[in-house]
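Dear colleague,

I am passing on the structure we discussed, with sequence and coordinates below. My notes on what turned up in it follow.

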Amino acid sequence: MDLLKQLLSHTSVRKFAKDKLSPRLKNQLLCAAQSGSSSNFVQAYSIIEVTDPQKLAAIEKLANGFGYIKDAGAFYVFVADLNKHAQILTQHQQPLEALKNEESFIVSVVDTTIAAQTMAVYAESVGLGICYIGGIRNDLFKMAELLELPEYTFPLFGLSVGYPAGKNEVKPRLPVEDIQHTDSYQPLSSQQIDAYDQLMEDYYAGRTTNAADADWSKKMLAHFHEPRRTHTTEFLKKQGFEF
Ligand SMILES: Cc1cc2nc3c(=O)[nH]c(=O)nc-3n(C[C@H](O)[C@H](O)[C@H](O)COP(=O)(O)O)c2cc1C
């Protein structure tokens, strides 16, 4: 399929056939993930495939991902990882100040995200479905314990990959004019927001599963109603980061 056509037909998959992915396919997914660009070539990520049924059950529970973590063809946790770099610095008696700060953390988050999305695009190109699982950050301390994560690492999100057993309709994105700016930033007008809300209201009301009375503004108001995952700061500190 033409790549643009494939990208525009993306929808998250939350229902998988029970088949597990073959070792060869999993290797290809990992190679695809590694092919992405990397800021200063730091390659600041690790990808943990979780196969232990007890760990998968625990993750499914804390992430609220019932049915699409354990039953996926493979489940990966993408870890922003500066631990390997800390190892090199320590071996060479170099201080870790430059590794513990916001800039290095952002670099590791960006690298990890590029790797995941490259895996996701490749997975979809061979007919697999994917779902990101940010829900793993509902309990960062538990995730770190389950995966035995060392200092200078952060479990960013999970990625369920598998053979789709059902697919949702494509969710309409903001009109491209709403995200495309030229030369300077342009805030959205209230007419633009209203028009997108109408589009999304129709989408949510008309979709074949989980029909709902919602629009984009309502979703954003609910999402930003109160701070989420407020243990993140404490967790980052425990992992050795100094912001
Ligand atoms: C970083 C990230 C975390 C996400 N976490 C979850 C999650 O925990 N559970 C879930 O069901 N979907 C999750 N999603 C999927 C989004 O809800 C989904 O991408 C979005 O609603 C757009 O829908 P679409 O992917 O079907 O186009 C996540 C997506 C991203 C990018």
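The largest nonpolar core has 54 residues, and Phe75 and Val161 make the most contacts inside it. Strand β2, residues 74-81, is the element that gives the most to this core, with seven residues. Please keep in mind that this is a predicted model.

Phenylalanine 75 touches several stretches of the chain. Leaving aside neighbours within four places in sequence, its contacts are Ile48, Glu49, Val50, Leu56, Ile59, Ile69, Ile133, Ile136, Gly158, Leu159 and Ser160. There is also a second, separate core of five residues, among them Tyr196, Tyr203, Tyr204 and Ala214.

Next, helix α5. This helix runs over residues 102-125, and its 24 residues should span 34 Å at 1.5 Å a residue; the end C-alpha atoms are 34 Å apart, so the two values agree. Its buried residues are Ser104, Phe105, Val107, Ser108, Asp111, Thr112, Ala115, Ala116, Met119, Ala120, Ala123 and Glu124. As a reminder for reading that list, an α-helix has 3.6 residues a turn, so residues three or four places apart point the same way. Just after α5, glycine 127 has a positive phi of about 85°.

Leu3, Leu4, Leu7 and Leu8 make a nonpolar surface patch of about 400 Å². One of them, leucine 7, lies in helix α1, residues 3-8. Leucine 7 counts as partly exposed because its relative accessibility is 38%, between the limits of 20% for buried and 50% for exposed.

Regards

Key. Residues are numbered from 1 along each chain as its sequence is written. This is a predicted model: local features need pLDDT of at least 70, side-chain atom pairs count only at pLDDT 80 or more; totals for chains, interfaces and linings use all residues. Side-chain values use heavy atoms; hydrogens and water are left out. Patches are made of residues with over 30% relative accessible area and no salt bridge: like charges are joined within 9 Å, nonpolar side chains (Val, Leu, Ile, Met, Phe, Trp, Tyr) within 5 Å. Accessible areas come from the Shrake-Rupley method with a 1.4 Å probe; for residues, only the protein chains shown count as cover. A salt bridge is a side-chain nitrogen of Lys or Arg within 4 Å of a carboxyl oxygen of Asp or Glu. Helices (H or I, at least four residues) and strands (E, at least two) are DSSP runs, numbered from the N terminus. Buried means under 20% relative accessible area, exposed over 50%, partly exposed in between (1.4 Å probe, protein chains only). A nonpolar core is a set of buried Ala, Val, Leu, Ile, Met, Phe, Trp, Tyr and Cys residues joined through side-chain atoms within 4.5 Å. Contact means heavy atoms within 4.5 Å. The expected span of a helix is 1.5 Å times one less than its number of residues.
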